[in-house]
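Here are my notes on the model you sent over. Have it open while you read, and go through the points in order.

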Amino acid sequence: MEICLMPADLILRQANLGDDAPLADIVIREGRIAAITPHGLVAGKEINLEGGLVLPGFVETHIHLDKSCIIDRCDIREGSLAEAIRETARAKLAFSEDDIEQRARRTLEKAIMAGTMKMRTHVEIDPRIGLKGFHAIQRLAQEYTWALDIEICVFPQEGLINDPGCEELLIEACRQGASLIGGCPYADTQPDEHIARIFAIARTFDLDIDFHLDFDLDTRFLSLTEVCRQTRAHNYAGRVTIGHVTKLSALPSADFVAAARLLASSGVAVTVLPSTDLFLMGRGIDHNVPRGVTRADLLRHHGVTCSLATNNVLNAFTPFGDCSLCRIANLYANIAQLGRRQDLEDCLAMVTSDAARLMNIERYGVAVGHAADLLVFPTEAATSAIAEIVLPRLGFKNGRRSFFRADPVLNSPVPRKHHHAK
Ligand SMILES: [Zn+2]
């Protein structure tokens with residue numbers, strides 16, 4: 001154990017680090033965890049966590065800040081994917097940079113207060129919206145570095161080959177500092193060529209890739225085979241993610257296992273977006289409606305890096321959203337019928353450590369030398385945070401307190417002894 005007696009910038013006393021370890025003090029210096037020590041060894045400015053559970057900040061691998069909070073501008077009749085794209089495209093024509101910024105700010109602040117400290121946001125690029133969304137989100141990413149790290153994935157939601165002028169704009173966004181590039185082959189008239197062009201741009205700018213993929217339940221063909229093929233051809237293992245992949249939820253077990261092995265051996269990661277997939281899939285079926293949510297936990301057992309994420313917030317793709325990854329992990333556990341302690345730990349990993357690996361984030365987690373990106377929960381076990389959808393009480397980003405949530409108070413008519421959550 002490393003014990004440094006230099007004065008600390010902040011000490012979080014009596015932290016519960018899980019796994020039945022004794023309570024410890026987390027010593028923070030210059031934004032990093034300088035030491036994790038038994039109680040009372042180091043002096044300095046302190047906050048007593050009184051046994052509160054400490055977890056690393058959540059990692060949101062897939063959200064759309066630019067088109068969040070437009071549900072009042074959309075007319076949902078079918079609840080289909082095509083309608084969601086159509087309604088969003090229509091609403092998007094009236095977006096201004098200011099409007100995007102205001103809505104994205106609202107979503108971002110909810111995510112911060114729900115514990116997100118790393119975020120990959122997709123931003124739409126096409127000849128109609130141009131770079132308005134990209135510029136608005138770039139400004140916010142800069143402004144909110146005190147609370148979270150944002151990476152911007154620019155992508156063509158309305159297609160690429162079928163949308164002249166789109167590729168030039170994507171390239172311009174990459175020139176102006178996009179963190180990575182995404183694709184949406186299902187929206188294109190030429191899906192394979194779409195995938196190839198995205199790989200070409202990614203290689204030019206040396207960027208990772210995050211595709212929206214296979215967003216239906218028709219299993220006659222899978223775009224993921226083409227993505228895996230090109231990932232190998234470009235030597236891009238570990239740098240490609242595919243999101244949704246709802247077709248996998250409709251495959252018989254043997255085919256599912258074959259797809260899982262292909263993904264694992266190609267180094268292609270998967271993000272499952274349960275809220276959106278539940279809302280959009282299985283429309284038109286009047287009984288025994290399929291859930292349409294791919295089993296990330298099973299893919300994970302075959303060695304695929306997987307995350308669970310929010311995707312859309314209050315729009316035609318998903319008219320819900322509190323930006324809580326605890327809730328998304330809970331929703332997924334419920335759909336996938338996961339209830340054992342180990343299962344819930346896997347769900348937590350898919351919004352924390354596995355999600356960090358998917359985003360190629362180094363030095364993630366509560367450990368000496370890592371950034372002090374910490375959440376404190378009023379609960380004993382990490383699995384309760386998922387099972388009970390417990391929101392974090394406190395957040396620290398690079399060692400500085402970034403939010404605080406007061407505990408609700410019960411107004412019982414009968415006087416009761418005060419009691420602390422341990
Ligand atoms: Zn998405």
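Which residues does Gln-230 touch, not counting residues up to four places away in sequence? They are Asp-192, Ile-195, Ala-196 and Phe-199, where a contact means heavy atoms within 4.5 Å.

A word on the ground rules before the points. This is a predicted model, with local features needing pLDDT of at least 70, side-chain atom pairs counting only at pLDDT 80 or more, and totals for chains, interfaces and linings using all residues. Residues are numbered from 1 along each chain as its sequence is written, and side-chain values use heavy atoms, with hydrogens and water left out.

1. Gln-230. You'll find this residue in helix α6; helices here are DSSP runs of H or I, at least four residues, strands are runs of E, at least two, and both are numbered from the N terminus. Gln-230 counts as buried at 6% relative accessibility (buried is under 20% relative accessible area, exposed over 50%, partly exposed in between, with a 1.4 Å probe and protein chains only).

2. α5 against α6. The two axes come within 10 Å and cross at roughly 30° (axes are lines fitted to C-alpha atoms, for helices over the stretch in contact, and angles run from 0 to 180 degrees between N-to-C directions). The contact is made by Asp-192, Ile-195, Ala-196 and Phe-199 of α5 and by Ser-223, Glu-226, Val-227, Gln-230 and Thr-231 of α6. The pair is therefore roughly parallel; that label covers angles under 35 degrees, with over 145 roughly antiparallel, 65 to 115 roughly perpendicular and the rest oblique.

3. α4 against α5. Helix α4 (residues 166-175) packs on helix α5 (residues 191-205) at about 25°, with the axes 11 Å apart. This crossing is right-handed too. On the α4 side you have Glu-167, Leu-170, Ile-171, Cys-174 and Arg-175, meeting Arg-197, Ile-198, Ile-201 and Phe-205 in α5.

4. α6 against α7. Helix α6 (residues 223-233) and helix α7 (residues 253-266) pack at about 25°, axes 9 Å apart, but α6 passes α7 in a left-handed crossing. From α6, Leu-224, Thr-225, Cys-228, Thr-231 and Arg-232 meet Leu-262, Leu-263, Ser-265 and Ser-266 in α7.

5. Ala-259. Also in α7, Ala-259 is buried, with a relative accessible area of 6%. Leaving aside residues up to four places away in sequence, Ala-259 touches Leu-248 and Leu-251.

6. The zinc site. His-62 (NE2), His-64 (NE2), His-212 (NE2) and Asn-311 (OD1) are the protein donors, 2.0 to 2.3 Å from the zinc ion. Donors are N, O and S atoms within 2.8 Å of the metal (3.2 Å for Na, K and Ca), and water is not among the atoms, so sites may look incomplete. Why is the arrangement irregular? Because the four donor atoms subtend angles of 84 to 176°; tetrahedral needs all angles between 85 and 135 degrees, while square planar (four donors) and octahedral (six) need opposite donors over 155 degrees apart and all others between 65 and 115, anything else being irregular.

7. His-62 is buried at 0% relative accessible area, and Asn-311 is buried at 1%.

Terms used
Left-handed = near helix turned anticlockwise from the far one by under 90°.
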